[in-house]
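Please look over the sequence and the model that follow.

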Amino acid sequence: GSTSAPARPDGLAEAKVERILDALHEFDVLSAPAPRLALRFALFLIASVSFCLAKAPSVRAQSFGQSNVALRTEVYADTDRTTVYRPRVSGRSSAGPISFGASWMADVVSSASVDVLTRATQGFDEVHQDVGFQVGWQGKRGVEGGVFYLLGIEPDYRSHGVGLQSAMDLDRNRQWRLNATLAFSHARIEAVIDPRFRASNYALQASVGLTHILDGSNLLRIGIEAARIDGLQSSPYRNVRLGNWNADRYRGDDPESLPWVFQGVTGSARETHPKERWRGRLGLEALHDFGVPLALLARVGAYRDSWKVSAIDLGAELRWQPLSWLLLRSGVRSYVQSRAFFWRARYVDRTDVQGYVSDDKELGRLLSHTLYGAAAFSRGAFRWDLRLEGIRYDYLDFTLLPHKYALIAQAGMAWIL
């Protein structure tokens, strides 16, 4: 499963593009049965890399022909006064070599974050919904293919995404497996506060992954992802303060006042980001099964985009299968990111940012640390999955919110029909 928080509920078009791409390539690990630990790790390892799909040979052979229904719910809450409740329902049915899948997911968002309260509003509640459909095909010698469609619906946002997926074994021993994904999305963006506002963006994304089962205890995988986004990628709701301003907490007793008092603001400008963005990521994951049964998964990733945002993430996960029907996981992840070339804590002089301005703290220098634990257990045709995750975010140059803490709780159930 992903270690990222639910989609950021700040109205940012760029964030919603990420959410579309994530949803287009999301793989429901609840749909798979539980083979031996090392090969089961292959499934989880491959599914954990964003945008890529592949399955270990034994899992592929067992799970493709099975129909299933899966239910999942997730709750996100942070110290920036934002909560997200995310229910999800998905199902799959197979008829010979053909499978059909459908899913529904919603984000029920309630936020009174710094982004919201510093813009003369007391908070908001909003519902985002995604509906997806998929058709898959399995051929001989491990060849698989599929097409999918995703519809995203929000009060100020409507998106359509389509994609192709494929995977194949590269050798007769099924030790090498190649998978690839190509996805395209288009979104229409509006603004609740301005009925005349209209904008759009387009995203094209491709990924390739290569998995090698070295032996019964070791597995290695490399994945490459690339994407291009064109169109609006800033918030239509956000103006950026100009000047060498400073802010103090409001200490009065007026309940209608904003929590911050600003001084030194010389003006404001609508948030503007470049309309074109190229993104690339290289990921490497390695698994070792100690055979007790205990296994260790290590991952490293590097990211770079045309906005000059660079990032590195490191992670490790320990998995223990004390019983044939029980798998326990615990892990850590650290992420460090540089700022976009146009992002500034204060826009005193705009000559070196090419006219772009941003108040999106996610584009500044960012550091995060994640700690999580999870359990999956199965009985007969049913499988349950639980996960608890804690994250600390440090926004190194963002005055109004230097850091925040987030907690994510997930629970899911799958029924193999």
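**Charged pairs, rings and a loop arginine**

Asp169 is buried, because its relative accessible area of 9% falls under the 20% limit. The residue belongs to a predicted model, and its side chain meets that of Arg177 in a salt bridge, with N and O 2.9 Å apart. Arg177 also counts as buried, at 5% relative accessibility. The bridge is part of a network of salt bridges that links Glu144, Asp169, Arg174 and Arg177.

How far can the model be trusted? The average pLDDT of the protein is 83, and 82% of the residues score at least 70. Residues 1–64 have a pLDDT below 50, although this stretch has 203 contacts in the model beyond near neighbours in sequence. Where pLDDT is low, predicted coordinates should not be read in detail.

Side chains of opposite charge can pair when their charged atoms come close. How many salt bridges are counted in this model? The count comes to 23. One of them joins the side chains of Arg277 and Asp305, at 2.6 Å from N to O. This pair links distant parts of the chain, since Arg277 lies in strand E14 (residues 276–289) and Asp305 in strand E15 (residues 294–305), 28 residues apart. Both Arg277 and Asp305 are buried. Another salt bridge is formed by Arg319 and Glu317, whose closest N and O atoms are 2.0 Å apart. Are these two residues buried or exposed? Arg319 is buried, with a relative accessible area of 2%, and Glu317 is buried with a relative accessible area of 2% as well.

The aromatic rings come next. A pair of such rings is described by the distance of the centres and the angle of the planes. The model has 10 aromatic pairs. Among them, Trp245 and Phe262 are edge-to-face, with 5.6 Å between centres and 70° between the planes. Trp245 lies in the loop between strand E10 (239–242) and strand E11 (246–249), while Phe262 lies in strand E12 (residues 260–263), so the pair ties together parts that are 17 residues apart in sequence. Trp245 counts as buried at 7% relative accessibility, whereas Phe262, at 26%, counts as partly exposed. The rings of Tyr393 and Tyr395 have their planes at 10° and their centres 6.3 Å apart, so this pair is stacked. Tyr393 counts as buried at 12% relative accessibility, and Tyr395 is buried with a relative accessible area of 2%.

Rings also meet charged groups. The charged end of Arg241 sits over the ring of Trp245, 5.0 Å from its centre. Likewise, the charged end of Arg379 sits over the ring of Trp325, at 4.3 Å from the ring centre.

One aromatic cluster is formed by Trp307, Phe341, Phe342 and Tyr356. Where is Arg344 placed? Arg344 is in the loop between strand E17 (326–337) and strand E18 (366–379). The side chain of Arg344 also makes a polar contact of 3.2 Å with the side chain of Asp352. Leaving aside residues up to four places away in sequence, Arg344 touches Arg339, Asp352, Val353 and Ser358.

Key
Residues numbered from 1 in each chain as written. Predicted model: local features only at pLDDT ≥ 70, side-chain atom pairs only at ≥ 80, totals over all residues. Heavy atoms only, no water. Helix = DSSP H or I, 4+ residues; strand = E, 2+ residues; numbered from the N terminus. Polar contact = N/O pair within 3.5 Å; in protein donor to acceptor, adjacent residues only side chain to side chain. Contact = heavy atoms within 4.5 Å. pLDDT = per-residue confidence, 0-100. Salt bridge = Lys/Arg side-chain N within 4 Å of Asp/Glu carboxyl O. Buried < 20%, exposed > 50% of the residue type's maximum accessible area, 1.4 Å probe, protein only. Phe/Tyr/Trp six-rings, centres within 6.5 Å; stacked < 30°, edge-to-face > 60°. Lys NZ or Arg CZ within 6 Å of the ring centre and 35° of its normal.
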